[in-house]
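Trainee: I would like to learn how to read a structural model feature by feature. Please show me the case at hand and let me ask as we go.

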Amino acid sequence: MSLSALQLVTCAIADGMLAGPPEPASMIERTTQVLGEPADWMDRVVRMIAKRFARQWDTVDRKKLAYVIADAPAFYARWISENRPKVVRVLRRAPQQRAAPAWLAGVTLPQLVTSVDLATWLEVEPQELDWFADQWRVNACAATTPLHHYSYKTVEKRDGRRRIIEIPKSRLRALQRKVLHGLLDRIPTHEAAHGFRCGRNIVTFAAPHVGKAIVVRFDLEDFFASIHAGRVYSTFDALGYPEKIARSLTALCTNRVPSSELLLADVRDRMDWQERRRYRARHLPQGAPTSPALANLCAFRFDMRLGELARSMGAVYTRYADDLAFSGNEGLARMASRLEIQVAAIAIEEGFSLNLRKTRVMRRGTRQHLAGVVVNRHPNVARPAFDALKATLTNCVRFGPHSQNRDNRQDFRAHLTGRVAHVAMLNATRGAKLKAILDRVEWDEGLSSGRAIDKQ
């Protein structure tokens, strides 16, 4: 008999043992049902297993238990005899949701034990859940099949390369929002993470680095696409969800881009092989509502390691999505090259990679900025950005908003209002000046990009 046959039998025995409580008599009864007859080796093996695993019975892995059974002298002696054990019946442990890890004490997670529980929680029929989560049926080449739940668009990066935005269709997006608000939003992320978190923003991201002798900024390449389905599954598994539930949630929240999209003329020549490989594998899609929260959770260990690295150098570390920031005094300035090497090494070990072309080492005396926030003396907006926005608003007053809406934004008024609010968040005085100019713009009634009249 081959080794695979031994694995088959021992896994079946392990499943039978795990299908009930760890009392020896009950385990022997279930093992007898699996093999169809009692055997003299059962008592010794079962008692050894009960003594070794009883306290962790609910979390014992079947493969680990099968290995222990195969390695037991009493069982192996029977296996090499002429009358080897044969499986006549399969018993399965009932699915169960494990207790959440200790660091989630006080957090109430949805109880999702079976696929029916998950479908009920998402308010869909079980067959619909299978349609949304059973992604293996999707044609890997075409994006137009009815089974494909995403549409795609590409945007140009500053360096001329392309980024693919994966937009879930309405029904899948609704399910993803339920997963986000009903599950992911309840789980705390690492303190260093400031992106996509309630109460955190670019100001809280940049504020710890104000007034430092040196600020070092790193950029992660293809942040969302770098987080593959295996890491997402591990996150749901770590929360205590059964294997089938963790796999369904992973399928709902990940995607692979069809080859037809990657071979488009404006994409193929502006994306290297490594980028295309990331998009072909199942990953967090940039465009799904669940991706930011899952990215923060999947990067927890990454943040933890970088935080410890920063402390060892007397520095401070924060992260906003794919932007990493370190700052410190003269001691860090002397170790800047070492910091870059160690951050790159940790990133590789955690499944990420740095875009080295975007690394910036900003010393005191130069403009230190993070995510558009100047941090030399206090969080502030960069003067060129302020001047450019002021000029745009002034021209809106003089010549009308149409003259400045060069990108044909559908709601140009909301766009300008948001930009002014952003400046006000960083610098109240400058924000008030811009708000006064914005209030002088007269918009056509009912139109968000209407004509302005100079009221001077």
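Trainee: Is Glu 128 buried, partly exposed or exposed?

Mentor: This is a predicted model, in which local features need pLDDT of at least 70 and side-chain atom pairs count only at pLDDT 80 or more, while totals for chains, interfaces and linings use all residues. Residues are numbered from 1 along each chain as its sequence is written, and side-chain values use heavy atoms, with hydrogens and water left out. Buried means under 20% relative accessible area, exposed over 50%, and partly exposed in between, with a 1.4 Å probe and protein chains only. Glu 128 has a relative accessibility of 24%, so it counts as partly exposed.

Trainee: With which residue does Glu 128 form a salt bridge?

Mentor: A salt bridge is a side-chain nitrogen of Lys or Arg within 4 Å of a carboxyl oxygen of Asp or Glu. Glu 128 pairs with Arg 171, and their closest N and O atoms are 2.3 Å apart. The pair links distant parts of the chain, with Glu 128 in helix H7 (residues 126-133) and Arg 171 in helix H8, 43 residues apart. Helices (H or I, at least four residues) and strands (E, at least two) are DSSP runs, numbered from the N terminus. Arg 171 is partly exposed, at 44% relative accessibility. Elsewhere, salt bridges with shared partners join Lys 157, Arg 161, Glu 221, Asp 222, Glu 275 and Arg 278 into one network.

Trainee: How many salt bridges does the structure hold?

Mentor: The structure holds 24. One of them joins the side chains of Arg 62 and Asp 15, at 2.8 Å from N to O. That pair also links distant parts of the chain: Arg 62 belongs to helix H4 (residues 62-71) and Asp 15 to helix H1 (residues 3-18), 47 residues apart. Asp 15 forms a salt bridge with Arg 92 too, the closest N and O atoms being 2.8 Å apart. Here the partners are 77 residues apart, Arg 92 being in the loop between helix H5 (73-79) and helix H6 (115-122).

Trainee: What are the overall dimensions of the chain?

Mentor: The C-alpha trace spans about 100 × 55 × 45 Å along its principal axes. The chain has 21 helices and nine strands. Its radius of gyration is 29 Å, well over the 23 Å that the globule rule gives for 456 residues, so the chain is more spread out than a compact globule. The radius is taken over C-alpha atoms, and the rule is 2.2 Å times the number of residues to the power 0.38.

Trainee: What share of the residues counts as buried?

Mentor: Of the 456 residues, 47% are buried. A local case is helix H15 (residues 291-298): eight of its eight residues are buried, so the helix is largely enclosed by the rest of the structure. Among them are Pro 292, Leu 294, Asn 296 and Cys 298. The cover includes helix H10 (229-238), helix H11 (243-253), helix H16 (300-312) and strand E4 (316-320).

Trainee: Which residues is Asp 219 in contact with, apart from its neighbours within four places in sequence?

Mentor: Contact means heavy atoms within 4.5 Å. By that rule, Asp 219 touches Asp 322, Asp 323, Ser 353, Leu 354, Asn 355 and Lys 358. Asp 219 lies in strand E3 (residues 214-219) and is buried, at 9% relative accessibility.
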